[in-house]
Amino acid sequence: MATSQRIRETAGRSLGSRPPFGVSATAVLVTLGTLIPLGFVVAVTATTGWETAVDLIVRPRVGELLFNTIALVVLTVPACIVLGVAAAWLVERTDLPGARTASLLLAAPLAVPAFVNSYAWAGTVPSLSGIPGGVLISVLSYYPLVYIPASAMLRRLDSGLEQSAASLGMGPWRVFFRVVLPQLRLAVGGGALLVGLHLLAEYGAYSMIRFDTFTTAILQQFQSTFNSAAANMLASVLVVLCLLLLLAESAARGNARYARIGPGVAAAPAARPLDRWKPAGVLFVLVLIVLALGVPLVNVIRWLIAGGRAVWEVDELATALFQTLGYGVTGAAVTVLAAFPIAWLAVRYGGRFARFLESSNYITSSMPGIVVALAFVTVTINFAYPLYQETPVVIAAYALLFLPRALVNLRAGFAQAPRELEEAAQALGTRPLGAFVRVTLRLTAPAAAAGAALVFLAVSTELTATLVLAPSGVTTLATRFWALSSEIDYAGAAPYALLLILLSLPMTYLLYRQSQKAVGQ
């Protein structure tokens, strides 16, 4: 009885207490760090001057880049939505032969970095270039970002709603468009947003096929004139485009409610027979898999065979692999540690302060890597020159770019770790830090590991920020691949492409399995 009373008293004090100062201060410092790129864009615009800024932005070159970038987004995002939703519906809701195997293979192209995909297609179709080439490579690289969440959502939909619509006389197509598709709105919208942000940030894939976007132009401008005002103003336009994408996704998401009250229908929906459309369905899935996964793998193998033993430079491969692993592990660890206080405040205390900190990190981290890199170059040159092109700056840029990947997982982990257990441990005599480590940290560990794994994958394949910020002599698999492929040494680049894919495959499979576990499969 005394112990129960003590637990209730401790819980009451904790629930009404303010967050610890140290945690809040750490979260504020992390958020201030993530605001560096946004502050950089604002400061550059202010110091450049209005007339100069207008002259640099309102010119034919910017108009061409704006047209290319907008055309890329307008053509690619809808194509990814159509392909992703169609593929998800075929493997989840029809009697497509080999659907289980196809569902994994359709997600596998996510393991192939876009610049490796571009490398493969440039070797297959040397004339590929411009908007058609950019759209083709982008769609094949990024449609899994829509397919995976759409597939997971189709598994968890309440089939009773579809049965009710059918009983009211709706045909299969009307049921799909009026009942099923609206329920995919959040999943498809989130995936489309990720596709759009990837399109704005991508450099290597488009540079390889000679397709100019804002990101390729910024890096070219930076390399030729070193942090010129023109590059900075292009970066400001790119930031505005990113923010417009975020606003568009928020508006498309709306305020509609998608949760149901009650368990719904427990039975999985019956597979819809394709009948005479079965060959067309099989052909669609097969062609998509061959184009998105088969072409890159076949070309990498072809160049490996063509290069023979000479392309396997063991020392350089080992160095690039070791440095990639080092950056990946360090970046993942730092990013997860930086996300901890923000996620903890958001779940345990909530309120406007915590929401502001969390949303600030999401908005800033949506900026392309080249903008973040330019911001860190400017800051280090002007205020911390000894850190210019040093490893800590590279790790800081990774943490800023990929903080949401850790934050989302940690937030889910803290939400599943009841604070009452930690408070009970304190009531039984354990110190607060000990209770946190022994109870909350152990329960959150799987989520933290998942977030770290996703950050590791992103760091391993990151190109633009690494090219700009990495110390001299440092080569990762991505930068070494890019250096060789830029010299048209496709055979020499093949081993690095293969290692990049092999590093990415486990994380892609983890993402696929997590989407299945979310619905108990």
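1. The model under review is a predicted one. Gln 220 belongs to helix α14, which covers residues 214-225.

2. Which residues does Gln 220 touch, not counting those up to four places away in sequence? They are Arg 61 and Asp 212. A further spatial reference for Gln 220 is Ser 207: the two residues are 13 apart along the chain, and their C-alpha atoms are separated by 9.7 Å.

3. Helix α2 (residues 21-34) meets helix α17 (residues 314-348), with axes that come within 9 Å and cross at roughly 120°. The two helices are therefore oblique to each other, because an angle of 65 to 115 degrees would be needed for roughly perpendicular and one over 145 for roughly antiparallel. The crossing of α2 past α17 is left-handed.

4. On the α2 side, the contact is formed by Val 23, Ser 24, Thr 26, Ala 27, Val 30 and Thr 31. Helix α17 contributes Ala 338, Pro 341, Ile 342, Trp 344 and Leu 345. Sorted by class, the contact of α2 with α17 comprises eight nonpolar and three polar residues, with no charged residues.

5. Nine aromatic pairs are present in the structure. In one of them, the ring centres of Tyr 206 and Phe 211 lie 5.7 Å apart and the planes stand at 90°, so this pair is edge-to-face. Tyr 206 counts as buried, at 1% relative accessibility, and Phe 211 likewise counts as buried, at 3%.

6. The rings of Tyr 327 and Tyr 398 also pair edge-to-face, because their planes are at 85°, with centres 6.1 Å apart. This pair links distant parts of the chain, as Tyr 327 lies in helix α17 and Tyr 398 in helix α20 (residues 391-415), 71 residues apart.

7. Are Tyr 327 and Tyr 398 buried or exposed? Tyr 327 is buried, with a relative accessible area of 7%. Tyr 398 is buried as well, with a relative accessible area of 1%.

Terms used. Residues numbered from 1 in each chain as written. Predicted model: local features only at pLDDT ≥ 70, side-chain atom pairs only at ≥ 80, totals over all residues. Heavy atoms only, no water. Axes fitted to C-alpha atoms, helices over the stretch in contact; angles between N-to-C directions. Helix = DSSP H or I, 4+ residues; strand = E, 2+ residues; numbered from the N terminus. Parallel < 35°, antiparallel > 145°, perpendicular 65-115°, else oblique. Left-handed = near helix turned anticlockwise from the far one by under 90°. Contact = heavy atoms within 4.5 Å. Nonpolar A, V, L, I, M, F, W, Y, C, P; charged D, E, K, R; others polar. Phe/Tyr/Trp six-rings, centres within 6.5 Å; stacked < 30°, edge-to-face > 60°. Buried < 20%, exposed > 50% of the residue type's maximum accessible area, 1.4 Å probe, protein only.
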